[in-house]
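Me: I am new to this structure and would like to understand the words used for it. Could you take me through them?

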Amino acid sequence: GHFRRARADRGRSMSNKPRFGLEAFKFATYVSVPIFMTVVFAANPENLETIIRQHAYVVYPPEGPKPPTAKEMRRIVEANKKKKLDSHKEPTQGWFARSK
């Protein structure tokens with residue numbers, strides 16, 4: 001009973017084995033489709049630019065003013081120190097005297 005069924009099943013399982021032709025076709029498709037798409041879309045710069053413009057996922061804001069250079073920063077810091085020293089030398093008549 002059981003031994004005969006095992007031998008019969010072994011014969012059927014061999015037919016489920018994938019054929020070489022199908023595997024070769026799948027591998028060729030797997031390799032050739034990305035190459036083909038690269039040639040079609042990336043080899044032509046106009047196509048690539050069009051695709052990039054259509055699918056702009058990141059939209060950057062317009063460029064703002066440049067930050068000051070190291071020399072300019074030193075000048076600003078020195079000017080601020082000078083202003084602080086000058087403001088501390090002036091006699092103050094309370095916190096509201098500076099708002100004029």
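Me: What separates Arg53 and Glu49 by about one helical turn?
Reply: Arg53 and Glu49 are four residues apart in helix 3, so about one helical turn separates them. A helix here is a DSSP run of H or I with at least four residues, while a strand is a run of E with at least two, and both are numbered from the N terminus. The model is a predicted one, where local features need pLDDT of at least 70, side-chain atom pairs count only at pLDDT 80 or more, and totals for chains, interfaces and linings use all residues. Residues are numbered from 1 along each chain as its sequence is written, and side-chain values use heavy atoms, with hydrogens and water left out.

Me: Why is Arg53 called exposed, and what is Glu49 called?
Reply: Buried means under 20% relative accessible area, exposed over 50%, and partly exposed in between (1.4 Å probe, protein chains only). Arg53 has 59%, so Arg53 is exposed. Glu49 has 41% and is therefore partly exposed.

Me: How many salt bridges does the structure hold?
Reply: Three. One of them joins the side chains of Glu23 and Lys26 at 3.3 Å, N to O. Both residues lie in helix 2, three residues apart, about one turn of the helix. Glu23, at 35% relative accessibility, counts as partly exposed, and so does Lys26 at 44%. Glu63 also forms a salt bridge, with Lys66, and their closest N and O atoms are 2.6 Å apart.

Me: Why is helix 2 called roughly perpendicular to helix 3?
Reply: The two helices pack at an angle of about 90°, with their axes 6 Å apart. That makes helix 2 roughly perpendicular to helix 3, because angles of 65 to 115 degrees count as roughly perpendicular, under 35 as roughly parallel, over 145 as roughly antiparallel and the rest as oblique. The axes are lines fitted to C-alpha atoms, for helices over the stretch in contact, and angles run from 0 to 180 degrees between N-to-C directions.

Me: How do you know that Phe27 is exposed?
Reply: Phe27 lies in helix 2 (residues 20–42). Its relative accessibility is 56%, so Phe27 counts as exposed.

Key. Salt bridge = Lys/Arg side-chain N within 4 Å of Asp/Glu carboxyl O.
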